[in-house]
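Please walk me through this protein model.

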Amino acid sequence: MKKFTVLTYLVLAAIVLNAQNGKKPLTLDEILKWDRITETHISNDGKYIVYKEEPWKGDPVLKITTPDAKEKASFLGGTKAQITSGSKFVIFTLESRVDTVRSLKLKGTQKDDLPKDKLVVYNFDRNLPDTICNLQSVKVPEKWSSWAFYQTDEPTEKKEDKKEKKKNDKTYPLHIRNLVTGENIIIPAVSDYEMAEENAVLAFISKGDSTFDSGIYLYDLQNKHESKVLPGDGKFSQLTLNKNGTRLAFLGDTSDVKEPKYSVYYWPGADQAAIVMDNSDPSLPSNWEISDNGKLIFSENNERLFLGTAPRKTPKDTTVLEEEIPALDVWVWNEEILQTQQLNTKARDEKKTYLAVIHLEEKKAVQLETELFTNIDLINKGNADQVLAISNRPYAVQTMWEGSPGHNDFYLVNVNTGDAAMIKKDCRARPSASPAGKYLYWYNAIDTTWNTYNLSSGKEYKITESTKIQAADELNDIPNLPGSYRFAGWLENDEAFLVYDRYDIWKVDPTNATNPVNLTMDGRKNRISYRLVQFNAEYGEGINPAETTLLKAFNEKTKADTYFSFDLSKPGKKKVLIEGNYKLNTPLKAKEAEVVVFTKENFETYPNLLSTDMSFKKQIQISDAAPQQNNFNWGTAELVSWRSLDGLVLEGTLHKPANFDPAKKYPMIVNFYEKSADELLSYRMPENNRSTIDYHYYTSNGYVVFNPDIYYKEGYPGESAFNCVMPGVTSIIEKGFVDPKRIGAQGHSWGGYQVAYLATRTNMFAAIESGAPVVNMFSAYGGIRWGSGMNRSFQYEHTQSRIGKSIWEAPLRYLENSPLFTLDKIQTPILIMHNDDDGAVPWYQGIEFFIGMRRLGKPAWLLNYNEADHWPLKIRDKHDFQIRMSQFFDHYLKDAPMPKWMTDGIPATKKGIEMGYELEK
């Protein structure tokens, strides 16, 4: 047989189309070159914008420009940029060229001998980069300027020196660099270093050499004053400065023992650090110790130091050989956590710590958290006399079947005594503390209300009612309690709580002293969803009601976004800043200037960076990340509507090929998951996707793509998909431009299940790709999600799979919704992709599907990307998947020749040698 390559086939197709419109079809190789904007930074003074363009395969480019689009510099390989607080410098990493590293690997170069990253310090004013080689680490303060700190891995000639370096606690030279004067102080051997958040203060651990003594040091950079906090050698951990750098805490053990027993050291700003807590402290429970797996945290007022403690590890019996110990897992029917989950979280659980506090003035320690609690949080940044704890342990087994939100008991723990008081029992909620520490608040999934608890009075308030504010998800169609639309935040000093419903923003009094106020007023009337945008918001801070804010609004009818300026103190007062047939991102604003960077996009418009001021009147395009788009055939997107078989009015997106001709008959691929119509105006970045078709690739190559929304009926997910999808497909066929004999379907995971189900109910599809599908709900019900160790039952009874009952309560529902049991009805060729390390859907589901098709003599292929998870993540595997899927659809929907991997497979002896892409003629 005569063979010709995929490239030949695509080139021939390209020649035909190119003759028609001067443009060419998009290829999968071209998609690998497609740049995304993966970093965006703006200087505090608003004078400079730094962004990174990054292809799917290849070297990124870091670009430095001004808000009026004057490019100052670009750096191939630049990444991880940080602009200094004073807006004078940008500091970033320069990675080695991808081709250079690849070439060295082909020559057998070892990982440790590959080129190291470089550090670049770029001076905005002088347009001058300074490059530092062999970068090991770098830290740049966010709130103070003129300094940067980095470590270098100095090259060494002797192999034995490298081995010694590895043993030496990852110790490297530390450079303390004044960016303005160029002064560079080098500390020869540093194992750790930390900066204060708000002042120019640095702490570091010196391992010492002939020029610099071992110990812990604090360096006041402003006054050029060095303090020796603790001299000498030791094992040290968790350097922690308070915000302004006047106090320091750390864990240390100055003995020579192999396994350190840490004490807590505290330095109050003078003299030397002293131990304020060790493992003999009476506050520690029996056989507990201070743990370096916890985190030291100063309270905001610096009066307390929080730390982690843990039970001592049980030592191994050294009188028994490893080979003499049985290797097994013991499962117990009523233990709180399933054994597979325990194994999955074992490494984390072995490092679990429990919160304790040291009252620094009294030098008194109190254990706050016990093994009863499953989570604990500080209130008012640690200044409050209580901490918030929750426990789901009494409900752990039942939660396994129910999914979220889990059952919790709420506790307040006294930081002075450690006494815990339960304030609420068995609540389907997760509470939080308000920024100023006056209230606890939570959404109660049972009655769909928001609630508060006044920490000073001990009174609980139900601050919303569903008759007034519909806080719960109105479109919830899973057999579980509906989630909330979340919240915008708290006003300063906890004066009010801002809650979202589906459309509007409500101002709610935390004690019900006043009636709720609808701030946006017209959202529900106009089907516009308003959401608050907070610029440069700091975690744990309230919203200033006097500041004019920005609203991002989504129109459910047009699917378009709008920005509004908005005055929180004047309900209903909004001003349109920018609108149009676009999807808008969440903008970025300079801290000290009225300069904003944002993007707008639709299916045909790349989301390039735009700069403007807060009026949004004049917009300047900063980036041009995908100029090559103009060279390719590019499709369009539109909203379509139809009625489901059970009478619902539905929406979906229809993507037509470039140069669409309604008189032609096009092949079509139906791709869906649940609901995607709201993404009508998404650009859908070209990508060799891990699990779905690329809409631009297929529309550029002459396909129509249809994505229908699905609404589900409890107990009948498969039938629901059929009732929504099939009349949608029929409605598109009736438009006259789709060839009804050349329609394919594609979906992954939940989408993979649904297309597999459709294959058992209709012969309309000429080809189907089904990725990671569940085809046997009986076996999957009792299976394990290996990525988490969780049992899968909850998702059938209460979440996405939507059966709503157990297999013993409704066995027929599991039977009716499982494609495996009606595979004999399938007349459609199936391409299955299911990977052997899938952590979500057990890959034996894909095997059951394939073996069933094989047994019945029906055409099917199974792609298994080795050691890949629920979907392939490596570029090589994603690219391969897209090639094979496109060849599969091209064969069945375009009459293209079948590739060798489909006709002959790839024998195990040829694995990794032959790809089988060649097309048979």
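Alanine 433 sits in strand β30, which covers residues 432–433. The model is a predicted one. Is alanine 433 buried or exposed, or something in between? Its relative accessible area is 23%, so alanine 433 is partly exposed. The cut-off for buried is under 20%. Beyond its neighbours within four places in sequence, alanine 433 is in contact with Ile379, Leu388, Tyr439, Leu440 and Tyr441. Valine 387 is 46 residues away from alanine 433 in sequence. In space, their C-alpha atoms are 9.2 Å apart.

Aspartate 426 belongs to strand β29, residues 420–427. Its relative accessible area is 37%, and aspartate 426 is therefore partly exposed. The backbone deserves a look here. Phi of aspartate 426 is near 50°. That is a positive value in a residue other than glycine.

Aspartate 895 also has a positive phi, near 65°, and again the residue is not glycine. Where is aspartate 895 found? Its place is the loop between α16 (875–894) and α17 (900–903). Aspartate 895 has a relative accessible area of 55%, so it counts as exposed. The cut-off for exposed is over 50%.

Now turn to threonine 38. This residue is part of strand β2, residues 35–42. With a relative accessible area of 35%, threonine 38 is partly exposed. Which residues does threonine 38 touch, not counting those up to four places away in sequence? They are Lys52 and Glu54. Proline 55 lies 17 residues from threonine 38 in sequence. Their C-alpha atoms are 9.5 Å apart in space.

Glutamate 687 is a charged residue to check for burial. It lies in the loop between β49 (666–671) and α9 (695–700). Its relative accessible area is 17%, so glutamate 687 counts as buried. Leaving aside neighbours within four places in sequence, the contacts of glutamate 687 are Ile31, Trp56, Asp694 and Lys878.

Serine 749 is in the loop between β51 (738–748) and α11. Tryptophan 750 is in helix α11 itself, residues 750–761.

Serine 749 touches Tyr673, Gly771, Ala772, Pro773, Val841 and His870. Tryptophan 750 is in contact with Tyr673, Glu674, Tyr712, Pro717, Gln800, Ser801 and Arg802. Glycine 771 is 22 residues along the chain from serine 749, and their C-alpha atoms are separated by 5.8 Å. Isoleucine 376 gives another pairing. Tryptophan 750 and isoleucine 376 are 374 residues apart in sequence, and 35 Å apart in space, C-alpha to C-alpha.

Next come the nonpolar cores. In soluble globular proteins, nonpolar side chains tend to be buried together. The largest nonpolar core here has 49 residues. Which members touch the most other members? They are Met668, Val670, Phe706 and Phe849. Methionine 668 has contacts that include Tyr703, Val704, Phe706, Val729 and Ile732. Methionine 668 also touches Val738, Arg742, Ile743, Gly744 and Leu893. A second, separate core has 38 residues, among them Trp56, Phe603, Ala626 and Trp901. Trp56 is also one of the contacts of glutamate 687.

Finally, step back to the whole protein. It has 17 helices and 57 strands. Buried residues make up 52% of the 921 residues. Take the contacts between residues at least 6 apart in sequence: 55% of them join residues at least 24 apart.

The surface and charges complete the picture. The accessible surface comes to about 42700 Å², and carbon and sulfur atoms account for 49% of it. The protein has 112 positive and 123 negative charges. The mean positions of the two sets are 5 Å apart.

Definitions and conventions. Residues numbered from 1 in each chain as written. Predicted model: local features only at pLDDT ≥ 70, side-chain atom pairs only at ≥ 80, totals over all residues. Heavy atoms only, no water. Helix = DSSP H or I, 4+ residues; strand = E, 2+ residues; numbered from the N terminus. Buried < 20%, exposed > 50% of the residue type's maximum accessible area, 1.4 Å probe, protein only. Contact = heavy atoms within 4.5 Å. Areas by Shrake-Rupley, 256 points an atom, 1.4 Å probe, with all protein chains shown as cover. Lys, Arg positive; Asp, Glu negative; His and termini not counted. Charge placed at Lys NZ, Arg CZ, Asp CG, Glu CD. Core = buried A, V, L, I, M, F, W, Y, C linked by side-chain atoms within 4.5 Å.
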